[in-house]
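Work through the exercises below with the model open. Each task is followed by a stepwise solution.

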Amino acid sequence: MCEECGCGLSAGIPVSVSGHDHHDPGDHEHHHHDHDHDDSHHHHSHEPGGQERQTLELRHAILEKNDRLAERNRGFFRARGLLVLNVLSSPGSGKTTLIGETIRRLGPRLKTAVIVGDLATDNDARRLRESGAPVVQINTGTVCHLEADMIARAVKQLDMTGLDLLIIENVGNLVCPASYDLGEDLRVVLLSVTDGEDKPLKYPPIFHIANAVIVSKLDLDRACDFNRAEVTANIRHIAPRARLFEISAKAGTGMDDWCDYLVRQHEAVKQRDPLDA
Amino acid sequence: MHEFSIMQSALNQVLREAGLAGAARVHEIRLRIGVLSGVVPDALQFAFEALTPGTCAEGAVLRIEEVPARFWCAKCGREFVSANLYAECPDCGDPSGDLRAGRELELSSMEVDHV
């Protein structure tokens, strides 16, 4: 069935459809809905030069392979009752500090492991190991984001026994990681007070997909003349449903709320039927 | 700059489909790219020109259709197109969490030699 309008056309299979226009942004009328489903799976035209051409209708998701692998990861995680976070931000917004402090504060409430992605070095992994949690470092080389198959390989290096929470620290980048599903339950986007209030308006795609937005380094807000009302309004424009936290991992501000939130989310994941979509 | 790897994925699909169709040349490739996909059309175009030489898509035209962000407003019972990418309904101001279009990264069709 056609994914967009349910009109009975198969999606992903090359079919020739005259006038089947799915591209109208304003409405969803089927203008010339005559659906001549021919069996040749293509239509052809005569070019002025005399050469015949044919159009192959594809409608393929370009990242179909990553999406499929992400769904496989998701099934693997759900079957284990694991809560999985994909933590995203620009470089230097405080992901590693927040994750280390989260693990320390959660303590025995949630047994946590971390997968951390960087282009190079294992500095973050070494810092995070001080928290006592198992950590796998992925070095992406020149790749500016994590992909689902990198997660699948990294997970093989982790002892999953009794694990409750898997935190994936993505490569510091506010653009590219937004396109890649890793199989996570929640996307957590950080925005530090040193980043500026208008980051959500400048980088809408990543804020749009956030389930939770954390304003980090709150202890520096006065030094930066940070306008908390303005950033809240900007986040609401792009991500109206995201849960908002204001945190200083260093001073401990907001950490209790954040940790309680994770415990509640983990409860919800455990109660979910793994076979539910 | 993840546009290179995205273009490479698209091109791999194009070359596979051309092979399946028995076509020796690809003349045109059409993509649909949502404005909230996080992908910049110009960067895709640049990657396309760098990646196609030596393949059967060398010299092909890349056409990119940008898909606007379209949200559903439950209160007004209608969809709206967001020009500034804000998720608030322009009529009632209610925030929408229901994006109906705008995240597409799609290889929609291609034109090849008729075999």
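**Exercise 1: the end of the sheet**

Task: find the residue in β9(A) that is the bridge partner of Val213(A).

Solution. The partner is Leu244(A). Some ground rules come next. The model is predicted: local features need pLDDT of at least 70, side-chain atom pairs count only at pLDDT 80 or more, and totals for chains, interfaces and linings use all residues. Residues are numbered from 1 along each chain as its sequence is written, with chains lettered from A and ligands numbered from 1 in the order in which they are written. Helices (H or I, at least four residues) and strands (E, at least two) are DSSP runs, numbered from the N terminus. Two strands pair if DSSP finds at least two bridges between them. Strand β8 (residues 212–216) of chain A runs parallel to β9(A), joined by 4 bridges.

**Exercise 2: a covered strand**

Task: is β6(A) mostly covered or uncovered?

Solution. Start with the pairing. β4(A) joins β6(A) in the parallel sense over 5 bridges; Val114(A) has Ile167(A) as its bridge partner. Strand β3 (residues 83–88) of chain A also pairs with β6(A) in the parallel sense, over 5 bridges. There, Asn86(A) stands opposite Ile168(A).

Now count burial (buried: 20 or more other C-beta atoms within 10 Å of a residue's own, with C-beta atoms placed from the backbone). β6(A) is mostly covered, with 5 of its 5 residues buried. Leu165(A), Ile167(A) and Glu169(A) lie on one side, Leu166(A) and Ile168(A) on the other.

**Exercise 3: across the chains**

Task: which element gives the most to the side of chain A that touches chain B?

Solution. Contact means C-beta atoms, placed from the backbone, within 7 Å. The interface takes 32 residues from chain A and 33 residues from chain B. β2(A) gives the most to the chain A side, with 10 residues. β2(A) also pairs with strand β6 (residues 105–113) of chain B, in the antiparallel sense over 7 bridges. Within that pairing, Thr55(A) has Glu111(B) as its bridge partner.

Technical notes
Two residues are in contact if their C-beta atoms, placed from the backbone, lie within 7 Å. A residue is buried if 20 or more other C-beta atoms lie within 10 Å of its own, exposed if 12 or fewer, and partly exposed in between; C-beta atoms are placed from the backbone.
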